Each structure stands twice: as C-alpha cells, then as structure tokens.
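Work through the exercises below with the sequence and the model open. Each task is followed by a solution in steps.

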Amino acid sequence: MTEASPLPSPQQTADKVREAMYRDDRASKWLGMQILEVTPGRAVLTMTVREQMLNGHDICHGGLISTLADSAFAYACNSYNELTVASGFGVDLLAPGRLGDVLTATCHEVSKAGRTGLYDCEVNNQQGQRIAGAFSEGVVAQRVRVVHRATDHRHNRQHALVRADRLA
C-alpha cells in the first residue's frame with residue numbers, strides 16, 4: 001500500500017497557479033509586468049511606465065493602467081486553482097502615470113460565493129500616490145483546474161502536471 005501525497009496548502013496552490021499562468025501570460029510579459037506576490041485571493045503586480053506607453057498627453061495610456069489592474073485581478077481570482085475569468089471590470093483613473101513611474105497594482109478579494117467573486121484593486125505609483133482604482137467581478141468559467149495533479153500508475157507516485165486549459 002502506498003501513501004497518498006498530502007494535499008497542497010492554499011499558498012502552495014496559489015504559487016503553482018502563478019507559475020502556470022505566468023508561463024503563458026504573453027500580455028503581462030510584453031508590458032514588463034512583474035509579479036511580486038500571489039496569495040489566496042490576493043495579488044500584487046508592478047509595471048514600469050516606458051516611452052511606448054505614453055499617449056499624446058505624455059502620460060501613461062489609461063488602458064495600460066487598466067491592463068495592470070486586470071492582470072492583478074486575474075492572478076488573485078485564479079489563485080484558488082479554478083479557471084476564472086472577468087465578467088465585469090470598472091476602473092477609475094485618478095492621477096496620471098508618468099514616464100519612469102513604477103506602478104503597483106494590489107488586488108484583493110472582497111467576497112466569494114459559489115462561482116462568483118468580487119475583487120478590489122488599487123494602483124499606486126512609487127510615491128504611494130493612488131493612480132487608479134478598479135472593481136472586478138470574476139466567474140468560474142469551467143469546473144477545471146489551472147494546475148492539475150495526476151497519478152503515474154506505473155510507478156505509484158504522484159506528480160504535478162501543469163496544463164493550460166483554454167476556454168472553448
């Protein structure tokens with residue numbers, strides 16, 4: 001008789017999800033986003049405002065600030081290892097991001113019930129000035145996992161398989 005592997009802790013699950021998502025997250029990588037922290041229901045990401053991100057007013061394009069908030073939301077709501085997507089997203093741009101600013105998006109879960117979760121996100125610059133606020137709603141798209149566990153029956157050992165599930 002073999003012993004079953006212990007279930008991963010919520011933090012271990014969040015770590016595995018972060019790794020699996022970031023590996024294929026071309027948009028966040030392209031924008032230079034860095035993941036500082038992912039814990040169950042919470043994520044912190046940064047992005048440095050580059051020349052290509054400036055609009056005609058010489059400030060960071062609001063859509064890119066929104067994208068940073070949306071990426072933080074994605075990591076926070078998927079941290080439980082349920083494939084979750086946004087069903088709603090609203091953002092208020094409060095101050096401009098400037099060339100060279102390091103913007104930090106902190107997103108945390110406000111409530112989670114059934115397949116729906118609500119998340120609040122704040123984007124600040126390196127001086128702690130609030131640049132934007134966002135409120136997102138996520139819905140579990142499918143009852144599938146972002147990170148899967150599988151058993152290799154030939155060797156009676158368990159190992160983690162990371163699989164990128166795609167929405168149909």
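Helices (H or I, at least four residues) and strands (E, at least two) are DSSP runs, numbered from the N terminus. The model is predicted, so local features need pLDDT of at least 70 and side-chain atom pairs count only at pLDDT 80 or more, while totals for chains, interfaces and linings use all residues. Residues are numbered from 1 along each chain as its sequence is written, and side-chain values use heavy atoms, with hydrogens and water left out.

**Exercise 1. State the order of helices and strands along the sequence.**

Step 1. The protein has three helices and eight strands.

**Exercise 2. Determine the strand order of the six-stranded sheet and find which strands stand at its edges.**

Step 1. Two strands pair if DSSP finds at least two bridges between them.
Step 2. The sheet is open, its pairing is antiparallel, and its order is S1-S2-S4-S5-S6-S3.
Step 3. Strands S1 (34-39) and S3 (84-93) are at the edges; each has a single partner strand, so one side of each lacks a neighbour in the sheet.
Step 4. From one strand to the next, the twist averages 15 degrees. Angles run from 0 to 180 degrees between N-to-C directions, and axes are lines fitted to C-alpha atoms, for helices over the stretch in contact.

**Exercise 3. Trace the pairings of S2, and say how many of its residues are buried.**

Step 1. S1 and S2 are antiparallel, with five bridges; Thr 39 stands opposite Arg 42 in S2.
Step 2. The hairpin of S1 and S2 has two residues between the strands, and Gly 41 there has a positive phi near 80 degrees.
Step 3. S2 is also joined to S4, by seven bridges in the antiparallel sense. Arg 42 stands opposite His 108 in S4.
Step 4. Buried means under 20% relative accessible area, exposed over 50%, and partly exposed in between (1.4 Å probe, protein chains only). Five of the seven residues of S2 are buried, so S2 is largely enclosed by the rest of the structure.

**Exercise 4. Describe how H1 and H3 pack.**

Step 1. The angle between H1 (residues 10-23) and H3 is about 140 degrees, and their axes are 9 Å apart.
Step 2. Angles under 35 degrees count as roughly parallel, over 145 as roughly antiparallel, 65 to 115 as roughly perpendicular and the rest as oblique. H1 is therefore oblique to H3.
Step 3. Contact means heavy atoms within 4.5 Å. H1 contributes Val 17, Arg 18, Met 21 and Tyr 22, and H3 contributes Ala 74, Tyr 75 and Asn 78.
Step 4. Ala, Val, Leu, Ile, Met, Phe, Trp, Tyr, Cys and Pro count as nonpolar, Asp, Glu, Lys and Arg as charged, and the others, Gly among them, as polar. The contact residues of H1 and H3 thus comprise five nonpolar, one polar and one charged.

**Exercise 5. Locate Asp 58 and Asn 81, and decide for each: buried or exposed?**

Step 1. Most residues other than glycine have a negative phi. Phi is positive in Asp 58, near 65 degrees, and in Asn 81, near 70 degrees.
Step 2. Asp 58 lies in the loop between S2 and H3, and Asn 81 in the loop between H3 and S3.
Step 3. Asp 58 counts as exposed, at 52% relative accessibility, whereas Asn 81 is buried, with a relative accessible area of 10%.
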